[in-house]
Amino acid sequence: MTPIYQSYQQIQQFTADAAHELRTPLAAIRATIESSLMLPTLTEKESRETFHTLKRQNQRLSSLVADLLMLCRMERQLTTNHCLSRKPVIINDLIADIAEEFAALAYREEICLIAQIQVTQPLKVMGEEEQLYRLVTNLVINAIQHTLKGGKVTLVLRQENHQVLIEVIDTGIGIPEDEQKLIFDRFYRVNKARSRDRGGSGLGLAIASAIALTHQGTIKVKSDFKKGSIFTVSLPILTSKE
């Protein structure tokens, strides 16, 4: 009965957390509408500003719901051992694409983003490319968001024995030691004000962890507070026999 009770507790906690997170954007939308209705008339400029505000709040709400659904899907795969629609994925190409795609975001934040592919041969893993892309991009976005201007984020690909290692190294604000075991929990934020200001839901690292697990991998963090963090993803290499 213990696993069933623990599962029930997790469902209860997830429902409570989700309700709490959904309440904030819904309350903001309601407040925007009510404040507009209290005005006797609205100019075209005021109407446009109201619609832009509602659009922004709706986008945040939609993003949160999408993340919740994806996390539920990941956890269902873990509990039911449901197989993904998998195929060989070349991680070298994935890392190069992500570094190129997020260069503009890093530049806008005045952060240097570089990729170091420390292997000469293609490294393949069996998995779902879209999910692996989401795994790495969540870590890269997290690193950029928590690195101050003038800092650096390094995306490293290397091999260790029969494992593909993907490292996201930043020179950011770091994570206090007592919080490092909590950062993969749903809705957890190390810097709550900074995360909310950027529209973060606190689900990015939870999703990354779930994706790693569904690919028989692991994700770990090593961090020095106010100095930076290293997130390391380990995935089994696809051998020629598989």
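The model is predicted: local features need pLDDT of at least 70, side-chain atom pairs count only at pLDDT 80 or more, and totals for chains, interfaces and linings use all residues. Residues are numbered from 1 along each chain as its sequence is written, and side-chain values use heavy atoms, with hydrogens and water left out. The protein chain holds 7 helices and 7 strands. Of its 242 residues, 41% are buried.

**Fold and surface**

- Helices (H or I, at least four residues) and strands (E, at least two) are DSSP runs, numbered from the N terminus.
- Along the sequence, the elements run α-α-β-α-α-β-β-α-β-β-α-α-β-β.
- Contact means heavy atoms within 4.5 Å.
- Among contacts between residues at least 6 apart in sequence, 74% join residues at least 24 apart.
- The accessible surface of the chain is about 14,600 Å². Carbon and sulfur atoms account for 55% of that surface.
- Accessible areas come from the Shrake-Rupley method with a 1.4 Å probe; for residues, only the protein chains shown count as cover.
- Buried means under 20% relative accessible area, exposed means over 50%, and partly exposed lies in between (1.4 Å probe, protein chains only).

**Salt bridges**

- A salt bridge is a side-chain nitrogen of Lys or Arg within 4 Å of a carboxyl oxygen of Asp or Glu.
- Side chains of opposite charge can pair when their charged atoms come close.
- The whole structure contains 4 salt bridges.
- One of them joins Arg48 to Glu44, with the closest N and O atoms 3.4 Å apart.
- Arg48 and Glu44 are about one helical turn apart, because they sit 4 residues apart in helix α2 (residues 44-80).
- Glu44 has 58% relative accessibility, so Glu44 counts as exposed.
- Arg158 pairs with Glu160 at 3.3 Å, N to O. Glu160 is partly exposed, with a relative accessible area of 42%.
- Arg158 also forms a salt bridge with Glu167, at 3.0 Å, N to O. Shared partners in these salt bridges join Arg158, Glu160 and Glu167 into one network.

**Negative patch**

- Patches are made of residues with over 30% relative accessible area and no salt bridge; like charges are joined within 9 Å, nonpolar side chains (Val, Leu, Ile, Met, Phe, Trp, Tyr) within 5 Å.
- Lys and Arg count as positive and Asp and Glu as negative; His and the chain ends are not counted.
- The place of a charge is taken as NZ of Lys, CZ of Arg, CG of Asp or CD of Glu.
- Asp93, Asp97, Glu100, Glu101 and Glu129 form a negative surface patch.
- Helix α3 (residues 91-101) gives the largest share, 4 residues.
- Glu129 belongs to helix α5 (residues 129-145). Its relative accessibility is 40%, so Glu129 counts as partly exposed.

- At 23% relative accessibility, Arg134 is partly exposed.
- Beyond its neighbours within four places in sequence, Arg134 contacts Asp67, Met70, Ile207 and Ile211.
- Arg134 and Ile211 are 77 residues apart in sequence, yet their C-alpha atoms are 8.4 Å apart.
- Helix α7 (residues 204-214) is mostly covered, with 9 of its 11 residues buried.
- The buried residues of α7 include Ile207 and Ile211.

- Thr154 is in strand β4 (residues 152-160). Its relative accessibility is 8%, so Thr154 counts as buried.
- Leaving out residues up to four places away in sequence, Thr154 touches Ile114, Gln116, Glu167, Val168 and Ile169.
- Gly228 lies in strand β7 (residues 228-236). Gly228 is buried, with a relative accessible area of 10%.
- With residues up to four places away in sequence set aside, Gly228 touches Asp170, Thr171, Gly172, Gly174, Lys222 and Ser223.
- Gly228 and His146 are 82 residues apart in sequence and 8.9 Å apart in space, C-alpha to C-alpha.
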